[in-house]
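Open the model in your viewer and keep the selection tool ready. Each stop below says what to select and what is there.

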Amino acid sequence: MRLQLHYKGQMTAVDIEPNASAHSLLEAAHKALALPPTEWKLKILCKGRQLRGEETIAAHGITDGGKLMVMA
C-alpha cells in the first residue's frame, strides 16, 4: 500500500505492506525523509493518534492512500 507522509509542508509517498508494524513504518519514514534515526526521533500521527508498537498498519485503521503526519 502507498501512504502519504506529511512533514514540514512537504508530502512524501512510502510503499509498505499492510501487515507491516508501526515500527517498520517509522524505519521507512526515516529513509524516505532522509532523517537518520541516530539524530532524529520521529512520531507518526494518524487521525490525531500516535502510531506505536508492533500492531500492524491495518490494525491502526490505515488504508491505501492514507495520509499521515510526521513530527520530528
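Two strands pair if DSSP finds at least two bridges between them. Keep that rule in mind for the first stop, in a model that is predicted.

**Stop 1: a hairpin**

Select strand E4, residues 49-50, together with E3. These strands pair in the antiparallel sense over two bridges, so the pair meets the requirement of at least two bridges.

**Stop 2**

In what order do the five strands form the open sheet? The order is E2-E1-E5-E3-E4, and the pairing is mixed. E2 and E4 stand at the edges with a single partner strand each, so one side of each has no neighbour in the sheet. Strands of a sheet pair through backbone hydrogen bonds, in a parallel or an antiparallel way.

**Stop 3: the other hairpin**

Move to E1 and E2, which pair in the antiparallel sense over six bridges. Select Leu3 and look across to E2, where its bridge partner is Val14. The hairpin of E1 and E2 has two residues between the strands, and Lys8 takes a positive phi near 50° in this hairpin.

**Stop 4: strand E5**

Select E5 and look at both sides of the strand. E1 and E5 pair in the parallel sense over three bridges; Gln4 stands opposite Lys67 in E5. E3 and E5 pair in the antiparallel sense, also over three bridges, and here Lys43 stands opposite Met71 in E5.

Now show the side chains of E5. Which residues make up its covered face, and which the uncovered one? Leu68 and Val70 are on the covered face, while Lys67, Met69 and Met71 are on the uncovered face. In a regular strand the side chains alternate between the two faces of the sheet.

**Stop 5: helix H1**

Select residues 22-32, which form helix H1. Its buried residues are Ala22, Leu25, Ala28, Ala29 and His30. Colour these residues, then bring back the strands: the buried residues of H1 pack against E1 (2-7), E2 (10-15), E3 (43-46) and E5 (67-71). After H1 comes Ala34, whose phi is positive, near 55°.

**Stop 6: His30**

Stay in helix H1 and zoom in on His30. Why does His30 count as buried? Its relative accessibility is 12%, and buried means under 20%. Leaving aside residues up to four places away in sequence, His30 touches Leu35, Pro36, Pro37, Trp40 and Leu42. Then select Lys41 as well: His30 and Lys41 are 11 residues apart in sequence and 9.0 Å apart in space, C-alpha to C-alpha.

**Stop 7: Ser21**

Finish with Ser21, in the loop between E2 and H1. Ser21 counts as buried because its relative accessibility is 10%. What does Ser21 touch, not counting residues up to four places away in sequence? Its contacts are Gly53, Glu54, Glu55, Thr56 and Ile57. Select these residues along with Ser21 to see the contacts on screen.

Conventions. Residues are numbered from 1 along each chain as its sequence is written. This is a predicted model: local features need pLDDT of at least 70, side-chain atom pairs count only at pLDDT 80 or more; totals for chains, interfaces and linings use all residues. Side-chain values use heavy atoms; hydrogens and water are left out. Buried means under 20% relative accessible area, exposed over 50%, partly exposed in between (1.4 Å probe, protein chains only). Helices (H or I, at least four residues) and strands (E, at least two) are DSSP runs, numbered from the N terminus. Contact means heavy atoms within 4.5 Å.
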